[in-house]
Amino acid sequence: MLFRSANHTIEEITRNQLDNALLNISDRNRLISRISELDVLLHLGWLGTDAISRQDVEIQKKNLEYSKALIQCVADTNSEKLHFIGVGSQAEFGDRIAPWADDSTVKPQCEYSNAKIQVLAFLRKKIQNYTWARVFSCYGPNDRRKNVFRTTAKSMVENKPINLSSCLQKWSNLHVDDVTRGFVVIIDKQIKGEMNIADSEPMTLREQLLEFAYRNTSLLMFEQLQLLPLRHVFAQPGLLIKNGWKPSINIRDGMRNYFGEILQMLSHEISK
């Protein structure tokens with residue numbers, strides 16, 4: 001996404017010819033010309049973020065190719081004012097023990113996280129005025145992923161019990177509005193460097209699911225014994241929190257609204 005500061009105009013760069021896209025990444029000269037006029041460039045585009053695609057070598061190679069091409073275009077503008085913001089992932093930390101700091105050592109364990117880390121390495125070499133924001137798990141309207149919350153909602157619609165692990169791990173799971181506010185703070189305060197957009201004091205996944213399924217929690221069948229070590233996913237307070245950002249949407253309200261949104265999507269899918 002491209003931002004102009006004066007009136008917050010937003011434009012889109014894409015690799016395809018889409019009706020709402022003003023630029024194509026293959027049109028390098030025009031892209032460089034347009035980028036040179038900008039204050040902020042937020043690189044959100046990424047193919048294949050689902051579990052299967054994260055291990056797809058060819059898909060992640062394309063992500064690496066497109067990202068490096070865009071970063072090179074930014075570097076070639078020699079713009080001193082442009083703030084480049086790349087989006088990373090909690091997956092970069094692999095199985096290292098949480099909570100993770102902004103500068104914790106990364107440990108990629110799939111093609112997806114390996115590509116993210118290669119993009120960051122290229123970014124460090126090419127651009128000084130950059131931010132790398134690792135977005136942890138998030139939820140909200142229009143979330144069509146097949147995750148544990150969607151599976152739970154589907155079981156509840158069918159009035160069937162759902163078997164779950166103990167779900168006692170702490171899990172940073174931000175509402176998408178809080179993630180968006182994180183980017184607003186980064187842009188407004190011109191925060192540079194590498195940081196996490198994550199909750200430093202998250203609830204357990206079980207607590208989140210109980211709020212989500214508040215209408216009938218008796219259908220949630222949690223394992224009583226925790227046989228494997230818990231894998232927590234959350235971050236230490238970092239640059240973003242030090243600059244005034246913190247989650248504003250509490251899990252109780254957020255999860256209950258999320259449940260209603262998923263029910264609407266399921267109802268729409270069934271009616272087709």
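**Entry 1. Ground rules.** The model is predicted, so I take local features only at pLDDT of at least 70 and side-chain atom pairs only at pLDDT 80 or more, while totals for chains, interfaces and linings use all residues. Residues are numbered from 1 along each chain as its sequence is written, and side-chain values use heavy atoms, with hydrogens and water left out.

**Entry 2. α1 against α2.** I began with helix α1 (residues 28–35) and helix α2 (residues 57–77). Helices here are DSSP runs of H or I with at least four residues, strands are runs of E with at least two, and both are numbered from the N terminus. The two helices pack at an angle of about 55°, with their axes 9 Å apart. Axes are lines fitted to C-alpha atoms, for helices over the stretch in contact, and angles run from 0 to 180 degrees between N-to-C directions.

I then looked up which residues touch, contact meaning heavy atoms within 4.5 Å. From α1, Arg 28, Leu 31, Ile 32 and Ile 35 meet Leu 70, Gln 72, Cys 73, Val 74, Asp 76 and Thr 77 of α2.

**Entry 3. α2 against α3.** Helix α3 (residues 111–126) packs on α2 at an angle of about 15°, with the axes 9 Å apart. That makes this pair roughly parallel. On the α2 side I listed Val 57, Gln 60, Leu 64, Ser 67, Lys 68, Ile 71, Gln 72 and Ala 75. They meet Glu 111, Tyr 112, Ala 115, Gln 118, Val 119, Phe 122, Leu 123 and Lys 126 in α3.

**Entry 4. Phe 84.** I found Phe 84 in strand β6. Is Phe 84 buried or exposed? Phe 84 counts as buried, at 1% relative accessibility; buried means under 20% relative accessible area, exposed over 50%, and partly exposed in between (1.4 Å probe, protein chains only). Leaving aside neighbours within four places in sequence, Phe 84 has contacts that include Leu 70, Ile 71 and Val 74, as well as Leu 123. Leu 41 is also on the contact list of Phe 84. The two are 43 residues apart in sequence, but 4.9 Å apart in space, C-alpha to C-alpha.

**Entry 5. Backbone details.** Most residues other than glycine have a negative phi, and most peptide bonds are trans. I looked for departures from this.

- Asn 78, in the loop between α2 and β6, has a positive phi of about 55°. Asn 78 is exposed, with a relative accessible area of 64%.
- Asn 142, in the loop between β8 (138–139) and α4, has a phi near 65°. Asn 142 is exposed too, at 63% relative accessible area.
- Ala 98 and Pro 99 are joined by a cis peptide bond, with omega about 10°. Pro 99 sits in the loop between β6 (83–89) and α3.

**Entry 6. Helix α4.** Last I went through α4 (residues 148–157), where Phe 149, Arg 150, Thr 152, Ala 153, Ser 155 and Met 156 are buried. At the start of α4, a side-chain oxygen of Asn 147 comes to within 3.2 Å of the backbone nitrogen of Phe 149. After α4 comes Asn 159, with a positive phi near 55°.

Terms used:
A polar contact is a pair of N or O atoms within 3.5 Å; within protein, one must be able to donate a hydrogen and the other to accept it, and residues adjacent in sequence count only if both atoms are side-chain atoms. Angles under 35 degrees count as roughly parallel, over 145 as roughly antiparallel, 65 to 115 as roughly perpendicular and the rest as oblique.
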